[in-house]
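Subject: Structure handover, ligand site

Hello,

I am passing on the structure we spoke about.

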Amino acid sequence: MHNIPGTLYVVATPIGNLEDITLRALSTLKEVDLILCEDTRTTKKLLDRYSINKPTMSYHSHSKLSREKDIIGKLEDGKNLALVSDAGTPSISDPGALLVRHIREQLPEARIIPIPGPSALITALSASGFDTSSFTFLGFLPHKKGRETLFKEITLSDRTVVFYESTHRIMKTLASLKECLEEGRKIALGRELTKKFEEIVSGTATELELYLTTQPEKTKGEFVVLVEAR
Ligand code: SAM
């Protein structure tokens with residue numbers, strides 16, 4: 001075994017626009033021995049764009065424990081690794097958090113260095129106009145168990161609430177918000193941020209429901225939902 005373990009760099013990548021990558025992220029991706037990717041094909045587009053030719057290996061939410069052991073073994077051997085997800089910051093509603101925790105537990109001598117960059121929740125919050133001094137981030141809402149309880153929490157929250165939503169569930173979520181939020185309470189939707197059809201709209205649940213029902217093409221894409229504090 002090598003005496004000095006390698007470093008794991010947790011590298012944020014663009015959430016759409018490939019130009020949203022830091023110089024430090026690029027130099028890190030160029031210098032490491034191996035890049036761990038949520039989906040190697042997605043990351044290849046980014047690497048090709050910046051002419052980075054490095055070996056990649058998949059690490060995602062269904063990766064087995066043996067893959068994790070393999071990764072920790074590489075760090076023990078002194079290899080430097082970068083961890084990226086398909087978009088944004090790894091570990092934030094994305095693979096990575098568990099790997100980082102296990103490396104901290106099993107190989108505490110290894111350095112874990114975050115390379116900060118885009119995250120959809122911060123991007124949306126920054127342009128929402130809502131109170132950003134404190135907020136609650138809920139990740140993805142559960143589809144069934146615990147969903148109603150969360151809507152109650154959102155309704156009672158005296159902080160801005162931010163969560164991720166998919167094209168398939170955005171209308172259902174708006175309908176639930178319409179049911180539970182008091183009249184006049186504002187919601188903002190950040191859709192396709194940094195991409196061609198980027199849009200940030202705000203209004204009451206009723207207004208946004210009407211807006212999307214009359215323009216169904218606007219229900220497509222990726223969403224960040226923000227609910228104004230009570
Ligand atoms: N780790 C990522 C981050 O730091 O933003 C989040 C990954 S999570 C699996 C993907 C979700 O983030 C999408 O379903 C969507 O809710 C949100 N998201 C990612 N990119 C987005 C974008 N360009 N515009 C709006 N929402 C986005």
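Predicted model: local features only at pLDDT ≥ 70, side-chain atom pairs only at ≥ 80, totals over all residues.

Location. The ligand takes up the space of the largest pocket. Residues of the shell around the ligand come from both domain 1 (7–115) and domain 2 (120–227), so the ligand lies between the two domains.

Shell. There are 19 residues around the ligand, and those that come nearest are I92, D94, S119, A120 and F223. By type, the shell consists of nine nonpolar, five polar and five charged residues.

A120, one of the nearest residues, has a polar backbone atom 2.7 Å from an oxygen atom of the ligand. At I15, a backbone N or O atom is 2.9 Å from a nitrogen atom of the ligand. E222 takes part through its side chain, where an N or O atom lies 3.3 Å from a nitrogen atom of the ligand.

Burial. The ligand taken alone exposes 570 Å², of which the protein buries 91%. Two elements give two or more residues to the shell around the ligand: β7 (160–165) and β10 (223–227).

Regards

How values were computed
Residues numbered from 1 in each chain as written. Heavy atoms only, no water. Near = heavy atom within 4 Å. Polar contact = N/O pair within 3.5 Å; in protein donor to acceptor, adjacent residues only side chain to side chain. Areas by Shrake-Rupley, 256 points an atom, 1.4 Å probe, with all protein chains shown as cover. 1 Å grid on protein atoms, 1.4 Å probe; cavity = no way out; pocket = protein on both sides within 12 Å on 5 of 7 lines; lining within 4 Å. Sits in = over half its atoms within 2 Å of the grid points. Helix = DSSP H or I, 4+ residues; strand = E, 2+ residues; numbered from the N terminus. Nonpolar A, V, L, I, M, F, W, Y, C, P; charged D, E, K, R; others polar. Domains from an automatic or database assignment.
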